[in-house]
Amino acid sequence: MTDVPEFPEVSPRSGPPRAVLFDLDGVLLDTEPLYTQATEAVIGRFGKCYGWDLKRHTMGRDARVSARFILETLDIPLTPDEFLRERAPILDALLADSPVFPGVEELLLELLERRVPIAVATSSDRRLFELKTKPHAFFGSFPVIVCGDDPRVTAKKPAPDIFLAAAKDLGVSPAECVVLEDSPAGVEAALAAAMRVVALPDPAMDRSLYSGAHRILGDRTALTLAALLS
């Protein structure tokens with residue numbers, strides 16, 4: 001699907017957004033393949049595979065909810081807690097070397113130079129966030145980081161809690177925010193928060209799952225200031 005040229009209005013406020021909220025996995029860090037690898041390491045011993053037909057339903061969601069969906073769909077005799085405990089050391093080892101997507105640091109620098117308020121809003125808990133971002137000093141430039149275990153987040157994506165908390169911490173209204181997301185659940189959450197949303201789906205994802213987004217970027221070369229702030 002090609003880039004949608006304009007945002008529809010989501011509130012009485014007109015004009016471009018003035019704050020940018022970033023999802024973490026699949027947007028700033030190229031970690032989704034690592035989650036796939038760790039998940040397959042567990043379910044593989046049951047002769048099962050974790051393909052995009054399953055992953056599209058679990059991306060961006062609460063870890064326990066996603067685990068339950070995977071186990072029930074594939075008929076694997078583990079509880080969600082057992083699955084998560086078995087996967088945890090595998091995932092930790094992989095995420096300790098989480099790669100940054102090309103162009104991310106340059107884009108953030110441009111936003112900071114223009115004094116655009118920015119935040120990270122991720123379903124990952126704080127421990128995992130720290131693990132993934134430890135090698136990357138530029139995360140210290142974010143004035144606001146809201147993780148999934150923040151006490152204000154009573155429900156994770158597709159609920160709007162994470163994005164609303166990030167906007168509050170930045171001191172901006174939801175209508176002034178644009179969210180950059182790679183998952184359908186994240187797009188739903190941003191829309192539920194009455195924010196504008198730019199989708200950056202993996203090439204393997206069905207674009208129709210992002211039909212609610214105000215803009216869909218076909219590839220990362222389209223991720224520019226104009227795409228976020230126009």
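Some housekeeping before the structure. Residues are numbered from 1 along each chain as its sequence is written, and side-chain values use heavy atoms, with hydrogens and water left out. Because the model is predicted, local features need pLDDT of at least 70 and side-chain atom pairs count only at pLDDT 80 or more, while totals for chains, interfaces and linings use all residues.

I start with the sheet. Helices (H or I, at least four residues) and strands (E, at least two) are DSSP runs, numbered from the N terminus. Two strands pair if DSSP finds at least two bridges between them. Six strands make an open sheet, in the order S3-S2-S1-S4-S5-S6, and the pairing is parallel. Which strands are at the edges? They are strand S3 (144-146) and strand S6 (215-216), each of which pairs on one side only. In general, strands of a sheet pair through backbone hydrogen bonds. Here, strand S2, residues 118-121, is joined to S3 by three bridges. In one of the pairings, Val120 has Ile145 in S3 as its bridge partner.

Two helices lie across strands. For the angles, axes are lines fitted to C-alpha atoms, for helices over the stretch in contact, and angles run from 0 to 180 degrees between N-to-C directions. Contact means heavy atoms within 4.5 Å. Helix H5 (residues 104-113) lies across strand S1 (19-22) and S2, at about 150 degrees to S1. Helix H8 (residues 184-192) lies across strand S4 (177-181) and strand S5 (196-199), at about 165 degrees to S5.

Now helix H1. Buried means under 20% relative accessible area, exposed means over 50%, and partly exposed is in between (1.4 Å probe, protein chains only). The buried residues of H1 include Leu34, Tyr35, Ala38 and Val42. The buried residues of H1 pack against helix H2 (52-55), helix H3 (63-74), helix H4 (80-95) and helix H6 (126-133). Ala38 has a relative accessible area of 0%, so it counts as buried. Leaving aside neighbours within four places in sequence, Ala38 is in contact with Arg87, Ile90, Leu91 and Leu94.

Last, the salt bridges. A salt bridge is a side-chain nitrogen of Lys or Arg within 4 Å of a carboxyl oxygen of Asp or Glu. How many are there in the whole structure? The search finds twelve. One of them joins Arg18 to Glu176, with the closest N and O atoms 3.8 Å apart. Arg18 lies in the segment before S1 and Glu176 in the loop between H7 and S4, so the pair ties together parts that are 158 residues apart in sequence. Arg18 is partly exposed, at 38% relative accessibility, whereas Glu176 is buried, at 15%.

Another salt bridge is between Lys157 and Glu181, with the closest N and O atoms 2.6 Å apart. Lys157 is in the loop between S3 and H7, and Glu181 is in strand S4, 24 residues apart. Lys157 is buried at 3% relative accessible area, and Glu181 is buried at 0%. Through shared partners, salt bridges join Asp23, Lys157 and Glu181 into one network.
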